[in-house]
Amino acid sequence: MQEFLLSILSHSFTWGLIAGLVLCLVVWRTGAIQRREQKREIKRLNTELTDLNKHLGQQLKITASGNETLNAELASLREKNENLRVSIATLQQKPGKAEARLLQVYDRAVHLLLERAPGFAPAWESAIRDAEAHVADSESGLTKLVRRVTRPALGAPTARTTSSDEA
């Protein structure tokens, strides 16, 4: 049997076969190690991908809830704005509002007329136009607030009327 083994080992084909098998075993072992490392890397990457997907989902939920809150607040503010606009329109159309405005215009005109009284008719028309322009300007902004706080002083004596009353 030893002779048979020695005769087989003496052939170059046997040595080539052994060398090829050893080389094949080395390549197979290296491939198996690389496959195992690749499986570990794939597993690690899948875990990382899962974590990133969870994080992205949380971020999207947070952003969506923030957007919903902002949209709800915006809708609420729009509704309040519309309600205030309707309230202002309603209050301006209350009975007596136009008369109060006209009274304010006439009061202002009378006070201006007392200051400028050379000719009554042209001065009266000029005073009414000036008073209407002043009241129109005062219906918006800070002047409106001041006007609400200090209503026109009806019949309030001016410096000119007090001096003419004394004479």
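I am taking contact to mean heavy atoms within 4.5 Å. The model is predicted, so I keep to its rules: local features need pLDDT of at least 70, side-chain atom pairs count only at pLDDT 80 or more, and totals for chains, interfaces and linings use all residues. Numbering runs from 1 along each chain as its sequence is written, and side-chain values use heavy atoms, with hydrogens and water left out.

**Entry 1: Val105**

I started with Val105 and skipped its neighbours within four places in sequence. What is left in contact with Val105 is Ile128, Ala131, Glu132 and Val135.

For burial I use relative accessible area: buried is under 20%, exposed is over 50%, and partly exposed is in between, with a 1.4 Å probe and protein chains only. That core has 7 residues: Val105, Ala109, Leu112, Ala127, Ile128, Ala131 and Val135. Two or more of them come from each of helix H3 (97-116) and helix H4 (120-138). H4 is the top contributor, with 4 residues. Helices here are DSSP runs (H or I, at least four residues), as are strands (E, at least two), numbered from the N terminus.

**Entry 2: salt bridges**

How many salt bridges does a search of the whole structure find? I get 3, taking a salt bridge as a side-chain nitrogen of Lys or Arg within 4 Å of a carboxyl oxygen of Asp or Glu.

**Entry 3: around Arg44**

Arg44 pairs with Glu41 in a salt bridge, and their closest N and O atoms are 2.5 Å apart. Both sit in helix H2 (residues 12-92), 3 residues apart, so about one helical turn separates them. I find Arg44 partly exposed at 42% relative accessibility, and Glu41 is partly exposed too, at 35%.

Arg44 also has a salt bridge with Glu48, at 3.2 Å from N to O. This pair is 4 residues apart in H2, which again comes to about one helical turn. Glu48 is partly exposed, with 39% relative accessibility. I therefore log Glu41, Arg44 and Glu48 as a network of salt bridges, given the cut-off I noted for such a pair.

**Entry 4: Arg85 and Glu82**

I also checked Arg85, whose side chain meets that of Glu82 in a salt bridge, 2.4 Å from N to O. They are 3 residues apart in helix H2, so the separation is about one helical turn. Glu82 is partly exposed, at a relative accessible area of 37%.

Note on methods:
A nonpolar core is a set of buried Ala, Val, Leu, Ile, Met, Phe, Trp, Tyr and Cys residues joined through side-chain atoms within 4.5 Å.
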